[in-house]
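These are my notebook entries on one protein model. I set down what I looked up, in the order in which I looked.

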Amino acid sequence: MSSPHRLIIVGGVAAGMSAAMRARRLNEQAHITVYEAGPYVSFANCGLPYHVGGEIEDRDKLLLHTPQSLKQRGNLDVRINHSVTAIDPEAQTVTVTTPSGEKETAQYDSLILAPGASEIVPPVPGAEKAFPLRTIDQMDAVIERANNILASTGENQPKAVVIGAGFIGLETVEALSERGFDVSVVDLVDHVLPPLDPDLAPYLEDALKAHGVNVITGVSAKAITGEDSFVVELSDGQHLQADLIIMSVGVKPRSELAVQAGLEVNERGAIIVDENQRTSDPHIWAAGDVTAVTFHSGRVAPVMLAGPANRQGRRAADSVMGHRVTPVARVMATATVRVFDQVAAITGTGRRELDAAGVDYETIRIHAPNHVTYFPGAETIHLMGFFERSTGRLLGAQAVGRSGAPRRIDVLVTAIRAGMTADDLAELELCYSPPIGAAKDPINMMGFVAQNALDGTCPQWQPEDLDAIRDENRGIILDVRSAKEHERFSIPGALNIPLPELRDNLGAIDNALRAHCAVSDEEDLDRSQTTIYVHCATGPRSYLATRILIGNGYKALNLAGGANSIQAHMKATKQ
């Protein structure tokens, strides 16, 4: 009888443990050893900020398994506090440092590398004074520091600074604010949550500011000084007092073992794998944060998300055990985060990447209720979608709202994976009940608007076009909202004719065109000579107005997302 297959897995969290349990389900006789450098395996690192904030009260809830439970459930040999320090690909062995500091060698038939990622520590003097938040030990240290501060400050509100406004950074901001800290969040990018479109970020910033958070973007930490009470010096000259500092500026693949073993890595240090998670060595696989993946756009880079890590671990085990491996799917980088009463969700390719790749696409902006407005409690979802102009295919989508944003993104990631177009979205049959949805869901509405924009029924202009339109005097801006709405906010120089009055006031449009084009009353007026840039609050009324104008011979464009999008864009660009 042949000896059992010897599988060694380096890393015992998302990808590693997913691989271990899948391998056991496929091969009952295999000898499966998992080496984890830290004291915990299979812990819920995505839940760490929520224990810091107290929403998850029981720390043990984050510890999904122990070596003992994994031995009992999966007959796995899980060894915590064991660091794999070297790989010998020719001998097919790993060198392991045990908790006592001794070195031992283990033989493998197959090796899966899933060591994850490590936090980036920027070259900032005093950066060691800040706390990272990626492991249970780091979480414990943050909580201990926070508890000590809260116990010693009395009536004075303690101050915290979070450096980095990404997913973990924002979750930590909320957690510390809920604990009673006066929180400042700092990010080098000019808006919070950098993966989010800049024009959606203001909705998150408004939520942060409404809860007392000091939001500072477009600057970096320059130095951290102090021994017990700290000062964070920023690149713009500001100085922030802090009792507690969290560093959350990003992570990098922990690929030192792979490099030492001569495995192929990319310029960012991520291990290059094939469609079966196999590395450049035929006996070594890799999964999770340490690997490079192919995104929906074709870009190859690491992705630090739990969902892809778990799926990659499963794929690696399937390949190791000779099981059927499903066709690899490109990564959508679907992610979501709650920021107090707002939730942001993203998937697919965003505008920055589309622009960099030179893709010809149309941006659709929707501000629609999560369910019918006549049922109490309707909340607006701010939704953006990016459609390829030549095919109408959806390439990416993002949403922010108090309720319903992630649900729409879950539908849209499925649509992207299926290659759906604007026509397909318009025809999707989605759940409808007054307290739950609408007969025309925001997804359907996005499909309708995209159809009209792509086929020319209602061509659009974008908020970022406004400065050029005004500076170059390109045409007339027409506001079809009510007079009261126009008084509350208006684009300087815009002509206000409420939609119900538009058909009876085409003469006023003609007069504005004559003035703009210097055409006298005696001369014939070519209504299509100059563009009319139409807008309302969110788009539907100006869509009707645009169709009226086009039907009467004018050249008209509808503002994507209306005044709501203009105002968000102005906040995003600090206007």
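Is Leu454 buried, partly exposed or exposed? I find Leu454 partly exposed, because its relative accessibility is 27%.

**Basis of the entries.** I note that this is a predicted model, in which local features need pLDDT of at least 70 and side-chain atom pairs count only at pLDDT 80 or more, while totals for chains, interfaces and linings use all residues. Residues are numbered from 1 along each chain as its sequence is written, and side-chain values use heavy atoms, with hydrogens and water left out.

**Entry: Leu454.** I placed Leu454 in helix H12. Helices (H or I, at least four residues) and strands (E, at least two) are DSSP runs, numbered from the N terminus. Setting aside neighbours within four places in sequence, I listed Glu362, Phe387, Glu388, Arg389, Gly392 and Ala422 as the contacts of Leu454. Contact means heavy atoms within 4.5 Å. I also looked up Gly350, which is 104 residues from Leu454 along the chain, and read a C-alpha separation of 18 Å.

**Entry: the whole protein.** I recorded 17 helices and 29 strands. The C-alpha trace spans about 100 × 60 × 45 Å along its principal axes. Of the 575 residues, 52% count as buried. Of the contacts between residues at least 6 apart in sequence, 61% join residues at least 24 apart.

**Entry: the second largest pocket.** I returned to H12 here, as H12 gives the largest share of this pocket's lining, with 6 residues. The space in the second largest pocket is about 560 Å³. Its lining has 26 residues, and those closest to the centre are Ile366, Met445, Val449, Gly539 and Pro540. Two or more lining residues come from each of strand E22 (361–369), helix H12 (442–455), helix H16 (540–551) and strand E29 (555–559). By class I noted 16 nonpolar, 8 polar and 2 charged residues. Ala, Val, Leu, Ile, Met, Phe, Trp, Tyr, Cys and Pro count as nonpolar, Asp, Glu, Lys and Arg as charged, and the others, Gly among them, as polar.

For the search itself, a 1 Å grid is laid over the protein atoms alone: a cavity is a set of points where a 1.4 Å probe fits but cannot get out, a pocket is an open set with protein on both sides within 12 Å along at least five of seven lines, and lining residues have an atom within 4 Å of a point. Points are joined across faces, edges and corners, and a volume is the space filled by probe spheres set on them.

**Entry: the cavity.** How many cavities of 30 Å³ or more are there? I counted 1. The largest cavity has a volume of about 30 Å³. Its lining consists of Asp199, Leu200, Tyr203, Arg365, His367, Leu383, Met384, Ser565 and Ala568. E22, strand E23 (380–388) and helix H17 (562–572) each give two or more of these residues. The classes are 5 nonpolar, 2 polar and 2 charged.

**Entry: the loop between H7 and E17.** Asp281 lies in this loop, and I class Asp281 as buried because its relative accessibility is 12%. A polar atom of the Asp281 side chain is 2.8 Å from the backbone nitrogen of His283. Beyond four places in sequence, Asp281 is in contact with Pro89 and Leu263. Gln277 lies in the loop between helix H7 (256–260) and strand E17 (284–286). I class Gln277 as buried because its relative accessible area is 6%.

**Entry: positive phi.** Most residues other than glycine have a negative phi. For Gln277 I read a positive phi, near 70 degrees. Ser42 also has a positive phi, near 50 degrees. Ser42 lies in the loop between strand E2 (31–36) and helix H2 (48–52), and I class Ser42 as buried because its relative accessibility is 10%.

**Entry: cysteines.** I looked for disulfides, each a pair of cysteine sulfur atoms within 2.5 Å, and the count is 0. Cys46 is partly exposed at 47% relative accessibility, and Cys431 is exposed at 57%.

Conventions:
Buried < 20%, exposed > 50% of the residue type's maximum accessible area, 1.4 Å probe, protein only. Polar contact = N/O pair within 3.5 Å; in protein donor to acceptor, adjacent residues only side chain to side chain.
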